[in-house]
Amino acid sequence: MLRKKMPYDNLRTIPVYRKALDLCVMSREIASYVSYNQNLLKLYQSNSLKDHIADSLLTDTILISQQIAKAETSKSHTVRIKSANFINVMIRNINSYCTGLEKQGVKEKEYLSLLREEIRTFRKSFKAWRKSLGNGNDKLHWGFNDFL
């Protein structure tokens, strides 16, 4: 199946990309809340495990949208499939971060429930998008540059 690539400017027209951006917004709000409105760019410097989890949550949601953009702009089926697999890992991580935040004493668990619901919604869109990647004809090779 030949797949016509969309120009990079049209990423916002792709439902899974829009859902990924929604995940970014929601995770940023949750990270801001659990870190007591600290500078989100410096959470990794904190001594608090809760801040490190919030930082990882932010990082992974950003990586999801970046991987979708990478897959949509790549002509290589291998790169597209690797991006999809990477996104699967990030989705699992985000669910684990929600559990970690609960165990770290986040009192308003409804925020985490909302994020989990957003992840479920994203996953439905993601599955449809992943099917659209089709079966490529290029050989699978595991070059380091494919992940950069």
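Reader: At what angle do helix H3 and H4 pack, and how far apart are their axes?

Author: This is a predicted model. Helix H3 covers residues 77-103, and helix H4 covers residues 109-132. The two pack at an angle of about 170°, and the separation of their axes is 10 Å.

Reader: Are H3 and H4 roughly parallel or roughly antiparallel to each other?

Author: The angle between H3 and H4 is about 170°. Angles over 145 degrees count as roughly antiparallel. H3 and H4 are therefore roughly antiparallel.

Reader: How do the residues of the contact of H3 with H4 divide into nonpolar, polar and charged?

Author: On the H3 side the contact includes Ile 87, Ile 91, Ile 94 and Cys 98. On the H4 side it includes Leu 112, Ile 119, Phe 122 and Phe 126, with Arg 116 and Arg 123 also among the residues that take part. The division is 12 nonpolar, three polar and five charged.

Reader: What pattern does the protein chain follow along the sequence?

Author: The chain has four helices and zero strands. Its pattern, read along the sequence, is α-α-α-α.

Reader: Is Ile 30 buried or exposed, and which residues is it in contact with beyond its neighbours within four places in sequence?

Author: Ile 30 is placed in helix H1. With a relative accessible area of 6%, which is under the 20% limit, Ile 30 is buried. Beyond its neighbours within four places in sequence, Ile 30 is in contact with Leu 57, Leu 101, Tyr 111, Leu 112 and Leu 115.

Reader: How many aromatic pairs does the structure hold, and how are the rings of Tyr 33 and Tyr 111 arranged?

Author: The structure holds three aromatic pairs. The rings of Tyr 33 and Tyr 111 lie 5.2 Å apart, centre to centre, with 75° between the planes. Tyr 33 lies in helix H1 and Tyr 111 in helix H4, so the pair ties together parts 78 residues apart in sequence. Planes over 60 degrees apart count as edge-to-face, and the arrangement of Tyr 33 and Tyr 111 is edge-to-face.

Reader: Are Tyr 33 and Tyr 111 buried or partly exposed?

Author: The relative accessible area of Tyr 33 is 35%. For Tyr 111 the value is 36%.

Reader: Why is the pair of Phe 122 and Phe 126 classed as it is, and which residues form a cluster with ring pairs?

Author: The ring centres of Phe 122 and Phe 126 are 5.9 Å apart and the planes meet at 15°, so the pair is stacked. Being four residues apart in helix H4, they are separated by about one helical turn. Phe 122 and Phe 126 are buried. The cluster linked by ring pairs consists of Phe 122, Phe 126 and Trp 129.

Reader: How many disulfides does a search of the whole structure find?

Author: Cys 24 is buried, with a relative accessible area of 12%. Cys 98 is also buried, at 1%. The number of disulfides found in the whole structure is zero.

Key. Residues numbered from 1 in each chain as written. Predicted model: local features only at pLDDT ≥ 70, side-chain atom pairs only at ≥ 80, totals over all residues. Heavy atoms only, no water. Phe/Tyr/Trp six-rings, centres within 6.5 Å; stacked < 30°, edge-to-face > 60°. Buried < 20%, exposed > 50% of the residue type's maximum accessible area, 1.4 Å probe, protein only. Axes fitted to C-alpha atoms, helices over the stretch in contact; angles between N-to-C directions. Parallel < 35°, antiparallel > 145°, perpendicular 65-115°, else oblique. Contact = heavy atoms within 4.5 Å. Nonpolar A, V, L, I, M, F, W, Y, C, P; charged D, E, K, R; others polar. Disulfide = S-S within 2.5 Å.
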